[in-house]
Each structure stands twice: as C-alpha cells, then as structure tokens.
Amino acid sequence: MFAQKPFYRTFPMNLIEKTQMSLNSRNFLLGLALSSAIVTPLSHAEIVLHGTRVIYPSDAREVTLQLSNNGNKPALVQAWIDEGDPKSTPDQSKVPFMITPPISRVEAAKSQSLRITALPNAKQLNQKQETVLWLNVLDIPPRPTAKGEETIPDNFLQLAIRSRIKFFYRPASIKSDANTAAEKLQWRKSGQKLVIKNPTPFHITMTAIYQFDGNKRVDLLPQGLMLSPFSEDQVQLKTTNTAKMSFVNVNDYGGRVEQPINLQ
C-alpha cells in the first residue's frame, strides 16, 4: 500500500486557501487536517465554494454557504470552523457555531447548501468589533476501482482538497459600513516604512500596495495583508517616491477595490 503522507499548502491570505493531501481511502476524515507545505494548483478542486468569505451578522438566525460539485463523480464533503490554526481538526473546534450538515455527499454536477448557525455562547465574542474565524470545506473524492472491475485496487493514491476561507462574525452594534472601512485607513511614512493604521472595528484585507519605482509600478504586498480592528502595521517602501501610491482591498462580496493612498 502507499504510505500515508499528508500535505498542506497555504495560499495568499486573501484567497481561498487549499490543502491537498495524499491518503488511503480507508482512513481519511480527521487525520487529513494535519499537514505540511506543498504547492497545489487551485484547478484540481471539484468542490467549488460560491464565495471567498462568509459574513455572519450577530442578529442573524443563520447564514448559508453554497457549494457545487463540478466533477463527474460524487464527492464526500466535510465542513467545520476553526479559530485560526490551519492544522486543527473538526473534533478540536471550540467555536460557537454549528454547520449543518457537517458531512454530506454531493452528487456530480449538483449543489449543496451549508447552514451556519450561532450557538448561544456566540454572545461571548467581542461585541464591539469583528471576530475572524476560518471555515474549512474538505473535498474527499470517491474510492477508486480497478479498471473494468468493481473491486478497489490494493495500491492507489487518493487526493483530498481543503478550501479554507475567512469567516467574519460581525456584531449588530457596529453601525458603520464595512465596505467604506478601507477609506478610513490612516497612512504615514516613517523612514523607509509605510505605517498603516486601522481605526475601524472591521478587519481590512489588502491584496496590493502600489508604489512607483521610476516608471515601473511595484507591488509592496505580494503576500497580502489583513489588518485587525484598531491595529496598525508597517510595510517596507521600495523607494522614497510616495507620489501616486494606491492600494487594493477586498470588500464583503470578494471584489477588489483600488483606492489612492493619502499620506498624513
């Protein structure tokens, strides 16, 4: 038999994160979440999530996430939410949310809705600012069969892919608009650093900060950056030229919006 050797790949934080793992079909659920780094093409996934983030308003009864099986075979799907540890397993999750169904079979070319419901202790989360968690969807393909036979071959390699997206718990007490939060970012230059302050109760995800190096526009954030509420961070500047700088942030709908940077 092939030895089991799990793999893990983290993509830029603003994108859907994927985990690809090698496994034997007889042992595949909770152990799959433990993994190490490997590059995995996104196109390998058959289960596709209809969204790159989930927003849960604190006064909502539930929210739903739609997913589709774009493959030509059924897939087994397992979903859970974690607090930020990509290696955590469903049984280790202590978040105050419940996903229904936690495990489901999705037929080829069919869709499935995941219902997410807050438990009573969700009220213990910070009610003055957003809380970010992570929603995981593990796509487990069917067991292979020998060509022209119904039996499972003795030796085979099977791949499961995990999608991991941000899950934002948003208190109803926050009255400001999350989609205008990026406009309130405060920017200043400190030496060769660009200091960014987030004075809002929202998490702000940026996929790029652009600066001109001569006539060439350079991205200072190739890996992306998420600013927590009421926090600040620094980015290394490429040159001393701060004219016509801009940044790209991700809104609630997963869209990317480019805006100018106005230094204070």
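Guide: L67 stands opposite Q112 in β8, and the model in which they face each other is a predicted one.

Visitor: What makes strand β4 and strand β8 a pair, and in which sense do they run?

Guide: Strand β4 (residues 63–69) and strand β8 (residues 111–118) share six bridges in the antiparallel sense; since at least two bridges are needed for two strands to pair, they count as paired.

Visitor: In what order do the strands of the open sheet with β4 and β8 follow one another, and why is one side of β2 and of β6 left without a neighbour?

Guide: The four strands are arranged as β2-β4-β8-β6, with antiparallel pairing. β2 (47–49) and β6 (97–100) are at the edges and have a single partner strand each, so one side of each has no neighbour in the sheet. From one strand to the next, the twist averages 25°.

Visitor: Which residues have the most contacts inside the largest nonpolar core, and which strand gives the most to this core?

Guide: The largest nonpolar core has 25 residues, and those with the most contacts inside it are I81, F97, I116, L135, V137 and F167. At least two of its residues come from each of several strands, including β5 (75–82), β9 (131–140) and β10 (158–170), while β5 gives the most, with four residues. Beyond its neighbours within four places in sequence, I81 is in contact with residues including F97, I116, L135 and F167. Another core, of 22 residues, lies apart from this one and has W187, V218, V235 and I261 among its members.

Visitor: How do you know that β11 and β12 pair, and what leaves one side of β11 and of β16 without a neighbour?

Guide: β11 and strand β12 (residues 193–198) are joined over five bridges in the antiparallel sense, which meets the requirement of at least two, and they therefore pair. R188 stands opposite V195 in β12. The open sheet of three strands has the order β11-β12-β16 and antiparallel pairing; β11 (186–190) and β16 (231–236) are its edges, each with a single partner strand, which is why one side of each has no neighbour in the sheet.

Visitor: Why is T205 called buried, and which side chain does the side chain of T205 meet in a polar contact?

Guide: T205, found in strand β13 (residues 204–213), has a relative accessibility of 2%, and because buried means under 20%, T205 counts as buried. The side chains of T205 and K166 are joined by a polar contact of 2.9 Å, a distance that falls within the 3.5 Å limit for such a contact.

How values were computed:
Residues are numbered from 1 along each chain as its sequence is written. This is a predicted model: local features need pLDDT of at least 70, side-chain atom pairs count only at pLDDT 80 or more; totals for chains, interfaces and linings use all residues. Side-chain values use heavy atoms; hydrogens and water are left out. Axes are lines fitted to C-alpha atoms, for helices over the stretch in contact, and angles run from 0 to 180 degrees between N-to-C directions. A nonpolar core is a set of buried Ala, Val, Leu, Ile, Met, Phe, Trp, Tyr and Cys residues joined through side-chain atoms within 4.5 Å. Buried means under 20% relative accessible area, exposed over 50%, partly exposed in between (1.4 Å probe, protein chains only). Contact means heavy atoms within 4.5 Å. A polar contact is a pair of N or O atoms within 3.5 Å; within protein, one must be able to donate a hydrogen and the other to accept it, and residues adjacent in sequence count only if both atoms are side-chain atoms.
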